[in-house]
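Dear colleague,

Here are the sequence and the structure. My notes on the contents follow below.

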Amino acid sequence: MKCGVRFCGGCNPRFDRGKALREIESDVKGLDFSHAVEGETYDCLLVINGCPAHCASYGHFDVKGRIYMVWDYSQIEEVKKQLMEDSKLEMEDL
């Protein structure tokens, strides 16, 4: 399963966005995380914002599935859980 990753510009980060991605990547197996690029199609998209302003745009990416949003450390566990559940369902559909 291909998961695009989109970061905000980092003008007012309240947490380490790169660390958040590394934590998610280390715990969620079976997903191919890569920086989102226009013109690519993704099974899901992970948008990591540095603060509650949610300024990272993502509407220009082609995403077949869900879009996951993170802007605080407290959300990481829930996003990991959702990603694991969704990737498991995707694998069962194959």
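Cys-11 is exposed, at a relative accessible area of 74% (exposed is over 50%, buried under 20%, partly exposed in between, with a 1.4 Å probe and protein chains only). Cys-11 belongs to no disulfide, and the nearest cysteine sulfur, that of Cys-55, lies 5.3 Å away. Cys-44 is buried, at 1% relative accessibility. Cys-44 is in no disulfide either; its nearest cysteine sulfur, that of Cys-3, is 3.2 Å away. The structure holds 0 disulfides, a disulfide being a pair of cysteine sulfur atoms within 2.5 Å.

The model is predicted: local features need pLDDT of at least 70, side-chain atom pairs count only at pLDDT 80 or more, and totals for chains, interfaces and linings use all residues. Residues are numbered from 1 along each chain as its sequence is written, and side-chain values use heavy atoms, with hydrogens and water left out.

On the aromatic side, there is 1 aromatic pair (ring centres of Phe, Tyr or the six-membered ring of Trp within 6.5 Å; planes under 30 degrees apart are stacked, over 60 edge-to-face, the rest tilted). The rings of Phe-15 and Tyr-73 have centres 4.8 Å apart and planes at 75°, so they pair edge-to-face. Phe-15 is buried at 8% relative accessible area, whereas Tyr-73 is partly exposed at 36%.

Lys-2 has its charged end over the ring of Tyr-42, 5.3 Å from the centre (NZ of Lys or CZ of Arg within 6 Å of the ring centre and within 35 degrees of the ring normal).

Regards
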